[in-house]
Amino acid sequence: MTFKRSSMLAMIAGLVLSAIGCSNGKPTLSRVDVYVGGQDGYHTYRIPAIVVTVKGTLLAFCEGRKNSVHDYGNIDLLLKRSKNGGLAWSQQIVVHEQGGDAEITIGNPCPIVDRQGIVHLLFTRNNQRLFHTRSTDDGHTWSKPIEHTGILAGFAYPLVRVATGPGHGIQMRSGRLIAPVWVCDRPLPDVNKEPTYARYQAGVIYSDDRGVTWHAGTLVPPALDRLNENTVFQRADGSLSMNLRGRKHGVRVVSESADGGQTWTTPVPDPNLPCPTCQASILRLSPREVIFSNPASDTRANLTIRLSRDDARTWPHSRVLDPEPSGYSDLAVTRDGHILCLYECGERAYHQKIAVARFNRAWIMTNP
């Protein structure tokens, strides 16, 4: 579906990522398909992540699944770039793959843009090994990945599986880079045979030297069942707020850190954020506002955008972006204040394609 785009621009209120702002004017919404299953050599595209570089280039990452929709197999890490705010996209770039046609899974993209213009990208190999690469030319080329799996011992957890994100990380006002991660103590086929609260746990890894070295923080206490696939933003008071997927809670879960990810509070459900056990995204929009995206339904459908004016404590404004099947999503904001949501969607299933919706703050506020 195509929507009319307004020509009115917005004031820019910069805080995180690159010159994040709020659009004024008439409500505007448009949507473009970025990755379509069955095209360009891949059976399925999943796990979107999007950032805006310091120069204003949009980078849309995902997993390219060669032969099936499944989470394991021959999976490559892909990228498309946009120079015009998401209206048109480049040919896809293979950021990293291993083994040719071998059953090697490269995925869970977690990009971070730092204020010096470097784009950091964390990802995993077979959900067992952790890597970091960087781009200094707006995503055209990427450095040789460096493995950082050893730092995960700092979690003091019997790790069998690990994933970064999925979705963007952040740079704190102090300069610290924060990448959400989750860990699991069982391989995927056995994960539900002995359910315990600690089967999954989530936390962050961080870097204080622009991505040269990385360190493990601590994990969120396992007070609720199987927390993973977390997303993080920095509150106005400097603390971190983590928003997590839980197992069969029906809503999202929140934990906080006052020390840059070194410790986390006991997680609590947020009854204002319904969720069907699915990933979500959270992002600061302005010094006063935060936005959130997820499928607000009992199933993976009804992708909804929410806006908070009190650092994600309440969500007075919301609007359905896509009532059809929809799944994972990630949020970004362009330099002219337009909000972008890169998300999984389709007519029959939520994983048929990955589209980007481009809208302004006025569109969220105008709920029909």
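**Close-up 1. Surroundings of R235 in the predicted model.** The backbone oxygen of D311 lies 3.0 Å from a polar atom of the R235 side chain. A second polar contact joins the side chains of R235 and E256 at 2.4 Å; a polar contact is a pair of N or O atoms within 3.5 Å, where within protein one must be able to donate a hydrogen and the other to accept it, and residues adjacent in sequence count only if both atoms are side-chain atoms. R235 is placed in the loop between strand 15 (228–234) and strand 16 (240–245). Helices (H or I, at least four residues) and strands (E, at least two) are DSSP runs, numbered from the N terminus. R235 counts as buried because its relative accessibility is 3%; buried means under 20% relative accessible area, exposed over 50%, and partly exposed in between (1.4 Å probe, protein chains only). Leaving aside residues up to four places away in sequence, R235 touches R173, S241, E256, R284, D311, A312 and R313, contact meaning heavy atoms within 4.5 Å.

The model is predicted, so local features need pLDDT of at least 70 and side-chain atom pairs count only at pLDDT 80 or more, whereas totals for chains, interfaces and linings use all residues. Residues are numbered from 1 along each chain as its sequence is written, and side-chain values use heavy atoms, with hydrogens and water left out.

**Close-up 2. The open sheet of strands 2-3-4-5.** The 4 strands of this open sheet follow the order 2-3-4-5 with antiparallel pairing; two strands pair if DSSP finds at least two bridges between them. Strand 2 (44–52) and strand 5 (93–96) are the edge strands, each pairing on one side only. From one strand to the next, the twist averages 30 degrees, with axes taken as lines fitted to C-alpha atoms (for helices over the stretch in contact) and angles running from 0 to 180 degrees between N-to-C directions. Strand 3 (residues 58–65) pairs with strand 4 (residues 75–82) in the antiparallel sense over 8 bridges. Within strand 4, R81 stands opposite L59.

**Close-up 3. Salt bridges around R65 and D71.** A salt bridge of 2.9 Å, N to O, joins the side chains of R65 and D71; the term denotes a side-chain nitrogen of Lys or Arg within 4 Å of a carboxyl oxygen of Asp or Glu. R65 counts as buried at 2% relative accessibility, whereas D71 is partly exposed at 38%. Both residues belong to a salt-bridge network that links R46, E63, R65, D71 and E344. The whole structure contains 18 salt bridges.

**Close-up 4. Two further salt bridges.** R129 and E147 meet through their side chains in a salt bridge of 2.8 Å, N to O. This pair links distant parts of the chain, 18 residues apart, with R129 in strand 8 (residues 129–135) and E147 in strand 9 (residues 146–147). In the salt bridge between D185 and R199, the closest N and O atoms are 2.7 Å apart. D185 counts as buried at 13% relative accessibility, and R199 counts as buried at 4%.

**Close-up 5. Strand 22 and its pairing partners.** Of the 17 residues of strand 22 (residues 317–333), 13 are buried, so this strand is largely enclosed by the rest of the structure. Strand 21 (residues 301–308) pairs with strand 22 in the antiparallel sense over 6 bridges, and P325 in strand 22 is the bridge partner of A301. Strand 22 also pairs with strand 23 (residues 339–345), antiparallel over 6 bridges. Here S326 stands opposite C345 in strand 23. The hairpin of strand 22 and strand 23 has 5 residues between the strands, and G337 takes a positive phi near 95 degrees.
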